[in-house]
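Subject: Structure handover

Hi,

Have a look at it first, then read on.

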Amino acid sequence: QLDEVIMGLKERALRLKTDIPAVFIALRKKETPTLAKMTAGVTVAYALSPIDLIPDFIPVLGYLDDLIVLPALVALTVKLVPFEVFEQCRREAEDLWLIGRPKRWIYALPIIVVWLLLLLLVVKFIWF
């Protein structure tokens with residue numbers, strides 16, 4: 001039974017490898033409803049963000065955060081996007097991985113800008 005649980009977790013992890021880029025692709029599709037786009041935006045931002053709700057250095061809870069929050073956000077987004085649209089996004093996401101790891105770091109720029117602005121505000125607050 002433990003083997004079945006481990007296999008199920010491995011399958012989910014592999015599915016996340018496709019679903020996270022699929023969520024990003026769904027974010028850009030005009031067929032995706034507004035609420036689903038908002039949820040997809042939060043999901044992509046959380047996935048790219050170097051900051052977690054519970055930091056990883058906190059034993060057990062830090063990793064549970066990654067194991068629960070991100071998959072939950074992906075699952076919620078998948079439920080909000082029409083089935084046919086998300087299946088198309090999954091196919092497009094699978095194609096991304098066929099040629100190797102995607103190398104478009106440009107998508108991380110908005111997250112980096114937000115964190116730099118927050119850091120600037122903290123430094124300004126502490127300094128003055």
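A word on terms before anything else: helices here are DSSP runs of H or I with at least four residues, strands are runs of E with at least two, and both are numbered from the N terminus. With that in hand, the protein reads α-α-α-α-α along its sequence. That makes five helices and zero strands. Please keep in mind that this is a predicted model.

**The overall picture**

The protein has 128 residues, and 25% of them count as buried. Its accessible surface is about 9800 Å², with 71% of that belonging to carbon and sulfur atoms. If you take the contacts with a sequence separation of 6 or more, 69% of them are between residues 24 or more positions apart.

**The salt bridges**

This is the part I'd open in the viewer first. Searching the whole structure turns up four salt bridges. R15, D19, E87 and R90 are linked in a network of them. As a reminder, side chains of opposite charge can pair when their charged atoms come close.

Start with D19, whose side chain meets that of R15 in a salt bridge at 3.9 Å, N to O. Both of these residues sit in helix α1, four residues apart, or about one turn of the helix. How exposed are the two partners? D19 has 5% relative accessibility, so it counts as buried, the cut-off being under 20%. R15, at 41%, counts as partly exposed.

D19 also forms a salt bridge with R90, and here the closest N and O atoms are 2.7 Å apart. Because R90 lies in helix α4 and D19 in helix α1, this pair ties together parts that are 71 residues apart in sequence. R90 and D19 are both buried; for R90 the relative accessibility is 11%.

R90 has another partner in E87, with the side chains meeting in a salt bridge at 2.8 Å, N to O. E87 and R90 are three residues apart in helix α4, so about one helical turn separates them. E87 counts as partly exposed, at 23% relative accessibility.

**Two other spots to look at**

R91 is also found in helix α4, which runs over residues 83–98. Its relative accessibility of 49% makes R91 partly exposed.

Leaving out residues up to four places away in sequence, K29 touches K37, V85, Q88, C89 and E92.

α2 has 15 residues and reaches 21 Å from its first C-alpha to its last, close to the 21 Å expected at 1.5 Å a residue. Its buried residues include A36, T39, A40, T43, V44 and Y46. Those cover an arc of only 160° around the axis, so they are on the same side of α2. T34 and M38 are exposed on the other side of α2.

α3 covers residues 61–80, and its 20 residues should span 28 Å at 1.5 Å a residue; the end C-alpha atoms are 28 Å apart, which agrees. Which residues of α3 are buried? They are G62, D65, L70, L73, V74 and T77. The arc they cover around the axis is only 120°, so they fall on the same side of α3. On the face turned away from that buried side, α3 carries the exposed residues Y63, L67, I68 and K79.

**A nonpolar patch on the surface**

Last item: I51, V114, W115, L118 and L121 form a nonpolar patch on the surface, with about 440 Å² of accessible area together. Of these, L121 lies in helix α5, residues 109–127. L121 has a relative accessible area of 56%, so it is exposed, the cut-off being over 50%.

Cheers

How values were computed:
Residues are numbered from 1 along each chain as its sequence is written. This is a predicted model: local features need pLDDT of at least 70, side-chain atom pairs count only at pLDDT 80 or more; totals for chains, interfaces and linings use all residues. Side-chain values use heavy atoms; hydrogens and water are left out. The expected span of a helix is 1.5 Å times one less than its number of residues. Buried means under 20% relative accessible area, exposed over 50%, partly exposed in between (1.4 Å probe, protein chains only). The arc is that of the directions from the helix axis to the C-beta atoms. Patches are made of residues with over 30% relative accessible area and no salt bridge: like charges are joined within 9 Å, nonpolar side chains (Val, Leu, Ile, Met, Phe, Trp, Tyr) within 5 Å. Accessible areas come from the Shrake-Rupley method with a 1.4 Å probe; for residues, only the protein chains shown count as cover. Contact means heavy atoms within 4.5 Å.
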